[in-house]
Amino acid sequence: MHSEHLVTKTSLRRPRNQNKKTYLWAVKAPKNPFLLLGYHSKEYFCDRESELEKLAEHIDNERNVMLYAWRRMGKSALIKQFLQEAEKEKKLEAIYVDLVATNSIEQANELLIKAVYERFGKTSTGFSSAFQKLIGSLGVILTFDPTTGFPAFEIGASSIAKSQESLNSIGKFLQNRKTTVVIAIDEFQQITKFKEPGAEGMFRTFMQSYPGIRFIFSGSHRQMMTSMFLEKNRPFYRSCQLISLDAIPLELYTPFIQNHFQAAEKTISAELIAEIYSWCKGQTYAVQLVCNLLFGTNEPLNTEVLRIIKSEILQQDAPLFAAYANLMSQTQWNVLKAIAKEGLVTNPMSREFGSKHKLGAASTVNSALKMLVEKEIVVANDEGYFVHETLFGNWLATL
Ligand SMILES: Nc1ncnc2c1ncn2[C@@H]1O[C@H](COP(=O)(O)OP(=O)(O)OP(=O)(O)O)[C@@H](O)[C@H]1O
Ligand SMILES: [Mg+2]
C-alpha cells in the first residue's frame, strides 16, 4: 500500500433522495453490501431486532410512535425496513414522507398527496377511481410534466383551515382502506420551522381525527423532538410512544460485517472492526461508510489501509467542514475544536478544560457552548458533551 489515494471512485457524501418517488424498493442486489443510502433488504440490514419488535407491537396495538436518535444512527432505514417487511406480509399499507426539505404546510401537504398517489393512486390505466374522488375533494390542480409524463400536484392550500381540510380528505380516504394504513413522517421536527404557526396543532388534530390510521414520527433533532412530545403545553404532548435508537452494539455489528466480507472471500479481523467502530463512535452511517470503502479495496485489510481510508474520508469533506468556521465566532470555534479533541467532555465549564485549551473566561465558554448546543452542533448525553456529527468531530480533532 503506497498510495494515499486509495479511494477514488466512491462518492463519500451521502446523497439525499427525498425528491424521488416515495418508495424505491431496490430489486437488484447491491454490488457493495455496505449501503450508504436507505434500505435494501434484510440481508444488508444489521440487527435492530428489539426496536423492530417494539415498533410492531405499538402499531399492532394501535399506538402511534415517535422515533428519535442522534443523527445518522439509522432512523430512516429502520422505518423503511419495518414498513417494507410489514407490507410484504400484508400487515399494513404504508405511506412515507420526509419533511426535511419542506418549509410550509402547503409543501408538507403536497408531499403527502404525492405519497398517497404513489401508493394508492396509480393503476395501469391511470388513476384509481378512489384517488380521483380524493383529488376532486382536495381541489388539487393536477398537471402532467410534458417530457416525463409524471403528474404534478398544485395544492394552493396555504391557509391552516384549507390545509386542515385537505388533511381531512386524505384522512378519510386512508381510513376507508381495508388494511391499516401507517403514515411515517420523517424529519418531523421540521414543522416547528414552518412559516405558518400552528402546524403542530394541525397535525395533532389530523392524528386524533383518524384513530384508524397509525403514525410514526421521526426526527434527528433529539431535543426538539423530545420537547415537542414531552412538554405539557405542546400539542403533541404524550401523544405517542417514544422509541430511541442507540448505536448498533459492536458484538452484533462485528459478525454482520465479517459475514459480508466472507461472502466476497475477504477476511476482516474483529480487532479491525473494533477500531472502525471506535473511530466512528458507533454511528451507523460512519461505520457503513468505512466498511463500504474497505470492501472496495483489493488491499489486505489492516490498520494501514484503514488509516488511509479514514484520512480520505476526512479530506473529502474537509471543505464542507472548514466552512463551518465562517458560521461562528473564534471562541465558538475554539470551544468546538476543544470538545472534538477531547471526544467527550463532562464539564466544559471547568477551569481545567478551559486552561488546557486556552479558552478564556468561563462565561465566554458558557455562551459559546450555549450557541453550539442550541444549533445541535454539540450535543450532550448522560456522560457529557460531544460533537454531534461524528466525522466532523474526527476532522476537528486533527486540527
Ligand atoms: N441497521 C442497519 N444496518 C446496516 N446499515 C444501516 C442500518 N441502519 C442504517 N444503516 C445505514 O446507515 C446510514 C444512515 O442511516 P439513516 O439514513 O437511516 O440514518 P438517519 O438516522 O435517518 O440519518 P439522518 O439523521 O441523516 O436522517 C444509511 O446508509 C443506512 O443505509
Ligand atoms: Mg433520516
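Q: Which residues does Gln81 touch, not counting residues up to four places away in sequence?
A: In this predicted model, Gln81 touches Tyr39, Lys42, Phe45 and Leu52. Gln81 itself is found in helix α2, residues 75-88.

Q: What makes the pairing of the Gln81 side chain with the side chain of Tyr39 a polar contact?
A: The two side chains are 2.9 Å apart in this contact, and the cut-off for a pair of N or O atoms is within 3.5 Å. The value therefore meets the distance criterion.

Q: Why is Gln81 called buried?
A: Its relative accessible area is 6%. Buried means under 20%, so Gln81 qualifies.

Q: Why does Ser104 count as buried?
A: Ser104 has a relative accessibility of 2%, and the limit is under 20%; Ser104 therefore counts as buried. Ser104 lies in the loop between β2 (93-98) and α3 (105-121).

Q: Which residues is Ser104 in contact with, leaving aside its neighbours within four places in sequence?
A: The contacts of Ser104 are Phe194, Lys195 and Glu196. The C-alpha atoms of Ser104 and Lys193 are separated by 8.2 Å, although these residues are 89 apart along the chain.

Q: Why are α8 and α10 called roughly parallel to each other?
A: The axes of α8 (residues 250-263) and α10 (residues 284-296) cross at roughly 25 degrees and come within 11 Å. Angles under 35 degrees count as roughly parallel, so the description applies to α8 and α10. Their crossing is right-handed. Among the residues making the contact are Tyr253 and Phe256 of α8, and Val287 and Leu294 of α10.

Technical notes:
Residues are numbered from 1 along each chain as its sequence is written. Chains are lettered from A and ligands numbered from 1 in the order in which they are written. This is a predicted model: local features need pLDDT of at least 70, side-chain atom pairs count only at pLDDT 80 or more; totals for chains, interfaces and linings use all residues. Side-chain values use heavy atoms; hydrogens and water are left out. Axes are lines fitted to C-alpha atoms, for helices over the stretch in contact, and angles run from 0 to 180 degrees between N-to-C directions. Helices (H or I, at least four residues) and strands (E, at least two) are DSSP runs, numbered from the N terminus. Angles under 35 degrees count as roughly parallel, over 145 as roughly antiparallel, 65 to 115 as roughly perpendicular and the rest as oblique. A crossing is left-handed if the near helix is turned anticlockwise from the far one by less than a right angle, and right-handed if clockwise. Contact means heavy atoms within 4.5 Å. Buried means under 20% relative accessible area, exposed over 50%, partly exposed in between (1.4 Å probe, protein chains only). A polar contact is a pair of N or O atoms within 3.5 Å; within protein, one must be able to donate a hydrogen and the other to accept it, and residues adjacent in sequence count only if both atoms are side-chain atoms.
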